[in-house]
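Open the model in your viewer and switch to a cartoon view. Keep the selection tool at hand for this tour.

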Amino acid sequence: MEAHDKVISSISSRVKHFHQQQKPFRIYHGATNSTRRSHRRSDNTIDTSQLNHVLSVDAATKTAIVEPNVPMDLLVSETLRHGLVPPVVMELPGITVGGGFSGTSGESSSFRYGAFDANINWIEIVLPDGEIARASKTERQDLFWGAASAFGTLGVVTLLEVQLKEAKQYVKLEYSLASGAADMLKRVQEACAVRENDYVDAIVFSMDTTVVCIGRLADELPNGTKPVGFLGRSDPWFYTRAKDVIKELKKTAAKAEEKETLVTDFVPLEDYLFRYDRGGFWTAVYAYQYFITPFNRITRYILDPFMHAREMYRAVHKSGLADYYMVQDVGVPYNKVVEFQAWLDKELHIYPLWICPLRIRRDDPDSGHGLHSEFANPDVPDLMNFGVWGGVKGSRREVIEKNRALERKVQELNGKKWLYAHAYYTEEEFWAHYDRESYDALRKKYKAEYLPSVYDKVKVDVEGEERARNATLKTRFKAGFWDLWPLAGLRGFYSAVKGGDYLLQKDKGKRKGEETVTAETETATKTQ
């Protein structure tokens, strides 16, 4: 805590300096799991990259005191030493505790435990005037819940207390096959209603083929059963395992006739929690397509060091290729799921899709503050999250229009778009979707009006993009040059190699049957 307090004192002094000048600042975390680029250190940046430690884990109270830049894999490894795990763990290991809190992250356990922010007890925050404050579900509730979706625009979150629950060694994962959107919805709702189920999500491969995945924590393997892992270099990606499951289920169903068929894996807990890391769900397939590379076990093994989410984010930011892909997570009420999936199929035809049921209702009656103030409403419906990640044919303008069409459809269906990704709303459209009155009241109360707003942080300045690209003949040539195939991809690949040498040397250190890295290397890996 002494080292922590020293860093916080420095941050507080710097924030006071900006407040006195009424000079807006940005927060530099050191890395990002957003499709928006991270803001590097500059004269108007607050550097919080040193805040990357788990300060304590209390087995008695089932809580952990954690700095905001602690990534999920480090948090999980520390809590598992005490037989505990966070109720909600974001499935990409580089996502941080602070990012999960400020970005309304929801995952396969969120049908029961809500978003990640609902599992935080209190936060320490440096307010926009430099004051160091604490906010919780019982103290300064407006600040606590307002900061939970504010993306750092109400102050700098510097410490959090995370709730924990008892962990078990494995997840018993049952796969079943749904024949369409209505069947998928029915299966997911039924799974969420079963108390013993701990995890529920699904992968849509086509309009009539969805793999529904239901997990339960388990301490032991049945006799004769081998665990199925997803973190080792020779392991399948979870996406490829799901594709194999489809074949198994169809083959079994043909023999079983009308009888329900299941495929069951016993997955080590960490492998389950981070099952989508290798391949970045399945988006790495686009890299294979881009470089005209065969996609098979051999190439996945060879290229594995570059096929993890951290390296992929680094590459995509440098390459600029995200501008030509759709990377969006949106949630719609259950009664709109069938309509929305049909719209996605007709208008975008992007597959696979990730499906995740989300309980967004906050049980705290004093939680009606900030961007998502309506989550305090006891009648707020659960949402079905759709992860829509894939290529969009056409120019940058056409890509933008497809994204805007998605935003309009979600708004029409009374859904929500999660703001880690690019947002193409006009300002008027944006605030029609989120609670500006509550958010602005908090900004005024806590002297944050001089800081960039949430809209300022997440919007894509399309006109500004075009002005920058067309400013001079030289910039037009440079931009066009780096857009050429395969130069954009090669630039991103070089960035991944340059920033990920430790992967080449140790292959992330925790692969099955391989040497464990030293404590120093492990720390470096966890803080990238």
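This is a predicted model. Begin by selecting residues 199-206, strand S11, and residues 353-358, strand S15. The two run antiparallel, and 3 bridges join them. Zoom in on Ala202: Ile355 in S15 stands opposite.

Now widen the view to the whole sheet. What is the strand order? It reads S13-S10-S12-S11-S15-S16-S14-S17. These 8 strands form an open sheet with antiparallel pairing. Select 263-268 for strand S13 and 416-417 for strand S17 to find the edges. Each of these edge strands pairs on one side only.

Select 181-192 for helix H6. H6 touches strands S10 (170-178), S11, S12 (209-218), S15 and S16 (383-391). The direction of H6 makes about 150° with that of S10. Then select 396-412, helix H13. Its contacts on the sheet include strand S14 (325-333) and S17. The direction of H13 makes about 5° with that of S14.

Move on to another sheet. Here 5 strands form an open sheet in the order S3-S4-S8-S6-S7, with antiparallel pairing. From one strand to the next, the twist averages 15°.

Select 120-126 and 156-163, strands S6 and S8. They run antiparallel, joined by 6 bridges.

Last stop: residues 72-80, helix H2. H2 lies across S3 and strand S4 (63-66), running at about 35° to S3.

How values were computed
Residues numbered from 1 in each chain as written. Predicted model: local features only at pLDDT ≥ 70, side-chain atom pairs only at ≥ 80, totals over all residues. Heavy atoms only, no water. Pairing = 2+ DSSP bridges. Helix = DSSP H or I, 4+ residues; strand = E, 2+ residues; numbered from the N terminus. Contact = heavy atoms within 4.5 Å. Axes fitted to C-alpha atoms, helices over the stretch in contact; angles between N-to-C directions.
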